[in-house]
Amino acid sequence: MTGSHARWQDTVMPLRIAGLKRDSIGRPIPWFVAPVRGDGDPDFRVASADRMRRAQRHRLCWTCGHRIDKPAGTFVLGPMCGVNRISSEPPSHVACAAYSARVCPFLSRPNMRRRERGLPAHTEPAGVGLMRNPGVTLLWTTTEWDVRPAPGGVLWHFGDPIAVAWMIRGRAARRPEVVAALHAGMPALRQACELDEDPSESRVLLAIAAARLMRYVPHDQPAVTTGRWDVMPVPDFPGDSAEDGQGPL
């Protein structure tokens, strides 16, 4: 471990993650990453549009590519997606989502900026994304989601959680860290309200949605809550076994 985030070399991998292909330095390549021809390393910033369609059609984990056979899936989100309950990416197994939140540099380091230099040609996900670092990562585990058409593709709309975890630097986030990330992101959503047909109504709905999310912001450590307000430890790869689903499609 380092002082700022969990290194992939030092973090135990779920079995499905350990079975993924590796890049030239040994890192597991997430299933969603667009493959490249030849022997070169793929660019982790570029997601495969074809695999997104397959994940939607066959209920595949966005991270490992195995089928999500259990009722619940986990969305890996920024806090603002928790406000509007919309994601541009499919859910993952809870173990795969927790691993990603621990080791992905952009997700685990709040000061990390998204690199745009040298980005290959690719299709942007649907919706209007916030390119800023979200500050904390939200793991939203739910049994309720549906996929709806949107400009540029589709979006995942999800319902109430059965468990929520907030993470930063590879650990559970504290309440002040979560609140700071929410305050940093809300201005962008308020600005988007001004573009709507009825900005005043949109501002009211936004305030209601933000208050709804605050129900899941922790009061004490660990920063994980369930829909019943139980406190549980940060997910540590529960149910991670080979029998749970078939291999990547």
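The following legends describe an overview and several close-up views of a predicted model.

**Figure 1. Overview of the protein chain.** The chain contains seven helices and eight strands. Of its 249 residues, 45% are buried. Among contacts with a separation of 6 or more, 67% are between residues 24 or more positions apart. The accessible surface of the chain amounts to about 13,200 Å², and carbon and sulfur atoms contribute 55% of that surface.

**Figure 2. The salt bridge between Arg85 and Asp160.** The two side chains meet with an N to O distance of 2.5 Å. This pair links distant parts of the chain, its members being 75 residues apart. Arg85 belongs to the loop between α3 (79–84) and β2 (86–87), while Asp160 lies in the loop between β5 (153–158) and β6 (163–168). Arg85 has a relative accessible area of 7% and is therefore classed as buried, the limit for that class being under 20%. Asp160, with a relative accessible area of 40%, is partly exposed.

**Figure 3. The salt bridge between Arg171 and Glu177.** The side chains of Arg171 and Glu177 are joined by a salt bridge with an N to O distance of 2.7 Å. Arg171 has a relative accessible area of 27%, which makes this residue partly exposed. Glu177 is likewise partly exposed, at 22%.

**Figure 4. The salt bridge between Arg203 and Glu194.** The closest N and O atoms of Arg203 and Glu194 are 2.7 Å apart. Side chains of opposite charge can form such a pair when their charged atoms come close. Glu194 is partly exposed, with a relative accessible area of 42%. Arg203 is also partly exposed, its relative accessible area being 39%.

**Figure 5. A network of salt bridges at Asp50, Arg53 and Arg54.** In this view, salt bridges connect three residues into a network.

**Figure 6. A nonpolar surface patch formed by Val204, Leu205 and Ile208.** These three residues form a nonpolar patch on the surface of the model. Together, Val204, Leu205 and Ile208 have about 290 Å² of accessible area. One of them, Leu205, is found in helix α7, which comprises residues 199–214.

Note on methods. Residues are numbered from 1 along each chain as its sequence is written. This is a predicted model: local features need pLDDT of at least 70, side-chain atom pairs count only at pLDDT 80 or more; totals for chains, interfaces and linings use all residues. Side-chain values use heavy atoms; hydrogens and water are left out. A salt bridge is a side-chain nitrogen of Lys or Arg within 4 Å of a carboxyl oxygen of Asp or Glu. Helices (H or I, at least four residues) and strands (E, at least two) are DSSP runs, numbered from the N terminus. Buried means under 20% relative accessible area, exposed over 50%, partly exposed in between (1.4 Å probe, protein chains only). Patches are made of residues with over 30% relative accessible area and no salt bridge: like charges are joined within 9 Å, nonpolar side chains (Val, Leu, Ile, Met, Phe, Trp, Tyr) within 5 Å. Accessible areas come from the Shrake-Rupley method with a 1.4 Å probe; for residues, only the protein chains shown count as cover. Contact means heavy atoms within 4.5 Å.
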